[in-house]
Every structure is written in structure tokens, then in C-alpha cells.
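Please read them with the model open.

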Amino acid sequence: MVTLSINDMDYHLEAEPNELLVWVIHEKAGLTKTSFGCGIEMCGSCKVLIDGEISITCNKKVNDVIGKKITTREALPDDHPLLTGTMTQ
């Protein structure tokens, strides 16, 4: 069991520390706007903000974000740079 701070809420999830963050956000937290695309950090479908910084989640482990603030597309306004493609890594 891990606790992740996602969109200003604490999610208590059954997840292993080495699980990929993209799957935990999408499948276990049910926040489906974060999705698995290419798996090689190229397409951007798995981008979120971690402590306000853009982050690719398809190769990031859950253990890397414990204690950090995760913001997914669900919590961002439609004109946010992460959603419009103007925010780069």
C-alpha cells in the first residue's frame, strides 16, 4: 500500500514501489487522462506535473514520487501548456 498525493488528494493504493507510475495513476487511481502511449518518453500521453515540473510517467517508478505532489490533466484548465502541447520537458 502506498499513499500518493494526486490533484491535492491523498490516494491510498495497492501498488508496489517499483510499479510504473503511469499504470498506477491510470488503472489504480482511475485518472484516465494520463495514459500509456509509446513507453519511450516520446509521445507525451503520460505527462503529469510532479511538484510543478513536467514529468514523464511511463518510465518513472511509484517509489520516485512518494511524498511529492502529482498533478494530472484532470486537474488542469483546458488552456494549460501541458494540455496544449506548448510545455516541453
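1. Asp-8 is exposed, because its relative accessibility is 61%; exposed means over 50% relative accessible area, buried under 20%, and partly exposed in between, with a 1.4 Å probe and protein chains only. Asp-8 sits in the loop between S1 and S2. Although Asp-8 is not a glycine, its phi is positive, at about 65 degrees.

2. The model is predicted: local features need pLDDT of at least 70, side-chain atom pairs count only at pLDDT 80 or more, and totals for chains, interfaces and linings use all residues. Residues are numbered from 1 along each chain as its sequence is written, and side-chain values use heavy atoms, with hydrogens and water left out.

3. Asn-7 is also located in the loop between S1 and S2. Phi of Asn-7 is positive, near 55 degrees, in a residue other than glycine. Most residues other than glycine have a negative phi. Asn-7 counts as buried because its relative accessible area is 17%.

4. The hairpin of S1 and S2 has 2 residues between the strands. Strand S1 (residues 2–6) and strand S2 (residues 9–13) pair in the antiparallel sense over 5 bridges; two strands pair if DSSP finds at least two bridges between them. Ser-5 has Asp-10 in S2 as its bridge partner.

5. How many helices and strands does the chain have? There are 2 helices and 5 strands, where helices (H or I, at least four residues) and strands (E, at least two) are DSSP runs numbered from the N terminus. The order of elements from the N terminus is β-β-α-β-β-β-α.

6. The 5 strands form an open sheet with mixed pairing, in the order S2-S1-S5-S3-S4. Its edge strands, each pairing on one side only, are S2 and strand S4 (53–56). On average, neighbouring strands of this sheet are turned by 40 degrees against each other, direction ignored; axes are lines fitted to C-alpha atoms, for helices over the stretch in contact, and angles run from 0 to 180 degrees between N-to-C directions.

7. S3 pairs with S4 in the antiparallel sense over 4 bridges. Within this pairing, Ser-55 in S4 is the bridge partner of Val-48.

8. H1 lies across S1, S2, S3 and strand S5 (69–71), and runs at about 80 degrees to S1.

9. Thr-34 belongs to the loop between helix H1 (21–28) and strand S3 (47–50). Is Thr-34 buried or exposed? Thr-34 counts as buried because its relative accessibility is 0%. Leaving aside neighbours within four places in sequence, Thr-34 is in contact (heavy atoms within 4.5 Å) with Val-22, Ile-25, His-26, Ser-45, Cys-46, Val-48, Thr-57 and Thr-72.

10. For the chain as a whole, a compact globule with 89 residues would have a radius of gyration near 12 Å, and the chain agrees, with 12 Å. The radius is taken over C-alpha atoms, and the globule rule is 2.2 Å times the number of residues to the power 0.38. Along its principal axes, the C-alpha trace spans about 35 × 25 × 20 Å.

11. Of the 89 residues, 42% count as buried. The chain exposes about 5,000 Å², with carbon and sulfur atoms supplying 48% of it; accessible areas come from the Shrake-Rupley method with a 1.4 Å probe, and for residues only the protein chains shown count as cover. Among contacts in the chain with a separation of 6 or more, 45% are between residues 24 or more positions apart.
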